[in-house]
Amino acid sequence: DGTKPVGPQLMETNFDQSVIEDWVYRVPQISVFLSVVIRQGLHVLHSLPDQSKDILNLIPRCKGIKGRGLVSLLDIPSIIYINSHLPAELQHKWQLLFSSRLHGESFSQLCGHIVNKGPCIVILKDLDGYIFGGFASHSWEVKPQFQGDNRCFLFSVFPSLAVYTYTGYNDHYMYLNHGQQTMPNGLGMGGQHGYFGLWVDSDYGKGHSKAKPRCTTYNSPQLAAKEDFTLDAMEVWAVGDLPESAGAKGKKSILDVDPEAQALLEMAGKSRQSEGLREPIEEDEDDD
């Protein structure tokens with residue numbers, strides 16, 4: 001009847017059967033969850049081999065956190081929810097690429113760990129406890145242009161759980177830049193320069209989520225508690241299988257990502273002054 005029962009009232013509320021059926025069939029995670037319970041509980045999984053992947057992909061294998069004393073910013077229901085919105089071929093595995101609590105609060109460390117690692121989930125937590133982020137459908141590259149495609153989305157985990165997909169208004173899906181004087185330096189998704197739906201500044205710790213009334217690219221509202229927020233923690237997870245190039249030893253720093261800029265510096269006779277300032281990048285563990 002339009003009212004929202006709370007607490008004990010919810011247990012005593014009677015719902016029309018058609019409402020329940022609509023809810024079960026309309027929300028894909030609910031139907032997957034129920035099918036898993038029924039198949040496992042009644043041991044009918046072996047008769048449905050073509051659907052067994054539903055169970056495997058309900059919760060992805062998560063690698064890179066074991067033995068590090070780290071608790072992710074996401075709980076299991078949030079992982080199930082976000083994972084269900086990813087392209088099907090990326091739902092089977094998540095691998096931790098960067099955690100500010102493990103690798104330090106450093107933008108160069110962030111870039112060094114996420115560049116050329118395939119599609120990623122970026123998760124932020126501000127000092128007010130709001131948790132939000134975005135899905136990057138392509139490998140991050142350090143360059144002054146927007147990147148990605150319309151599979152990208154933004155999401156909120158706390159205080160509300162929601163996913164915001166592209167509107168078709170523009171193609172400002174993903175942006176990552178560092179060390180340029182003429183363009184904004186930082187990581188952004190959606191909106192436009194200086195007015196991103198999600199932005200982490202290269203001056204690590206500062207960010208903004210500007211959306212009045214909504215982000216043009218994803219139709220998302222303001223995701224952080226404040227329009228200009230202070231970052232408490234950040235995680236980046238690669239989803240699906242890492243590209244072959246990502247597993248190579250001798251990882252490139254962000255200074256090596258743009259060979260044209262490097263060549264211009266050398267032609268101008270300028271040394272790469274930040275060469276000696278690179279921060280060591282830790283190798284990630286391969287544990288589940």
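The predicted chain is built from 8 helices and 12 strands. Of its 288 residues, 41% are buried, and the chain exposes about 15,700 Å², of which carbon and sulfur atoms supply 54%. When contacts between residues at least 6 apart in sequence are considered, 61% of them join residues at least 24 apart.

The mean pLDDT is 79, with 75% of the residues reaching 70 or more; strand E4 (residues 131-136) has the highest confidence, at a mean of 96, whereas helix H8 (residues 259-267) has the lowest, at 55. Over residues 249-254 the pLDDT falls below 50, although this stretch has 12 contacts in the model beyond near neighbours in sequence. The pLDDT also stays under 50 over residues 271-286, a segment for which the model has 34 contacts beyond four places in sequence. Where pLDDT is low, the predicted coordinates should not be read in detail.

In soluble globular proteins, nonpolar side chains tend to be buried together. In the present model, the largest nonpolar core comprises 36 residues, and the members that touch the most others are Ile114, Leu124, Trp140, Leu176, Met234 and Val236. Strand E12 (residues 228-239) contributes the largest share of this core, with 5 residues. Another core, which lies apart from it, consists of 21 residues, including Leu70, Leu73, Leu96 and Ile123. Tryptophan 140, one of the core members named above, has contacts beyond four places in sequence with residues that include Ile114, Val115 and Asn116, as well as Cys120, Val122, Leu176 and Met189.

Helix H7 (residues 107-114) is mostly covered, since 7 of its 8 residues are buried. The buried positions are Phe107, Gln109, Leu110, Cys111, Gly112, His113 and Ile114, and the elements that cover them include strand E2 (93-99), helix H6 (100-103), E8, strand E9 (186-192), strand E10 (195-201) and E12. Just after this helix, asparagine 116 adopts a positive phi of about 60°.

Histidine 172 is placed in the loop between strand E7 (162-165) and strand E8 (174-177). With a relative accessible area of 19%, histidine 172 counts as buried, because this value is under the limit of 20%. Apart from neighbours within four places in sequence, histidine 172 is in contact with Phe146, Met189, Gly190, Gly191, Gln192 and Thr217.

Lysine 125, in strand E3 (residues 120-126), is partly exposed, with a relative accessible area of 22%. Its C-alpha atom is separated by 5.5 Å from that of aspartate 232, a residue 107 places away along the chain. Not counting residues up to four places away in sequence, lysine 125 touches Leu73, Arg101, Tyr130 and Ile131, together with Leu231, Asp232 and Ala233.

At the surface, Phe15, Val19, Ile20 and Trp23 form a nonpolar patch whose accessible area is about 400 Å² together. Valine 19, located in helix H2 (residues 17-26), is partly exposed, with a relative accessible area of 46%.

Note on methods. Residues numbered from 1 in each chain as written. Predicted model: local features only at pLDDT ≥ 70, side-chain atom pairs only at ≥ 80, totals over all residues. Heavy atoms only, no water. Helix = DSSP H or I, 4+ residues; strand = E, 2+ residues; numbered from the N terminus. Buried < 20%, exposed > 50% of the residue type's maximum accessible area, 1.4 Å probe, protein only. Contact = heavy atoms within 4.5 Å. pLDDT = per-residue confidence, 0-100. Core = buried A, V, L, I, M, F, W, Y, C linked by side-chain atoms within 4.5 Å. Patch = residues over 30% accessible without salt bridge, like charges linked within 9 Å, V, L, I, M, F, W, Y side chains within 5 Å. Areas by Shrake-Rupley, 256 points an atom, 1.4 Å probe, with all protein chains shown as cover. Salt bridge = Lys/Arg side-chain N within 4 Å of Asp/Glu carboxyl O.
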